[in-house]
Amino acid sequence: MNLEDYIKFANENKVCSIATIDGDKPRVRGFLMWLADETGFYFHTGATKNVSKQLKKNPNIETCMLSQNSQDKRMMRVSGKVKFLNDIALRARLLEERPFLKGLCSGPEDELLDIFQIYTGEAHFWTMENNLKESEIERVLF
């Protein structure tokens with residue numbers, strides 16, 4: 001497996017769960033990943049939401065994506081660190097690709113809109129076949 005395999009899987013299976021840390025407690029919620037490419041995995045949220053505050057305080061994150069294809073029984077886990085991006089062109093692209101967000105913010109300059117990227121970390125696939133061999137699962141670093 002190489003990074004392109006993980007990027008392809010992520011872009012085909014955008015519904016996921018993400019885990020953050022709130023003090024000493026884990027917090028998990030459902031998310032819809034925006035996009036993945038060779039630079040990382042991109043998400044967006046509202047700046048006033050707890051998930052944003054938690055990631056700004058502690059940038060460690062993990063996400064889990066399940067295949068939506070009933071023949072593909074894999075899940076992909078990505079763990080790493082996030083950074084928040086304040087690039088107007090990237091924000092404008094997000095609003096074009098996700099028009100439902102236009103009703104929630106005034107435009108690309110709106111500070112309510114947060115884009116974050118898992119920019120470094122590792123990813124791996126999990127299947128029932130490697131269920132009891134977690135330490136042996138091949139991982140890709142990015």
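**Figure 1. Cysteines of the predicted model.** The structure holds 0 disulfides, a disulfide being a pair of cysteine sulfur atoms within 2.5 Å. The closest cysteine sulfur to that of Cys-64 belongs to Cys-16 and lies 8.5 Å away, too far for a bond. Cys-64 is partly exposed at 24% relative accessibility, whereas Cys-105 is buried at 12%. Buried means under 20% relative accessible area, exposed over 50%, and partly exposed in between (1.4 Å probe, protein chains only). This is a predicted model, in which local features need pLDDT of at least 70 and side-chain atom pairs count only at pLDDT 80 or more, while totals for chains, interfaces and linings use all residues. Residues are numbered from 1 along each chain as its sequence is written, and side-chain values use heavy atoms, with hydrogens and water left out.

**Figure 2. The buried side of helix 3 (residues 88-97).** Leu-90, Arg-91, Leu-94 and Leu-95 are the buried residues of helix 3. These residues lie on the same side of the helix because they cover an arc of only 140° around the axis, taken from the directions from the helix axis to the C-beta atoms. They pack against strand 4 (40-46), strand 6 (75-85) and strand 7 (113-126), with contact meaning heavy atoms within 4.5 Å. Helices (H or I, at least four residues) and strands (E, at least two) are DSSP runs, numbered from the N terminus.

**Figure 3. The outward face and N-terminal end of helix 3.** Exposed Ala-89 and Glu-96 sit on the face turned away from the buried side. Asp-87 caps the N-terminal end, with a side-chain oxygen 3.0 Å from the backbone nitrogen of Ala-89.

Methods. A polar contact is a pair of N or O atoms within 3.5 Å; within protein, one must be able to donate a hydrogen and the other to accept it, and residues adjacent in sequence count only if both atoms are side-chain atoms.
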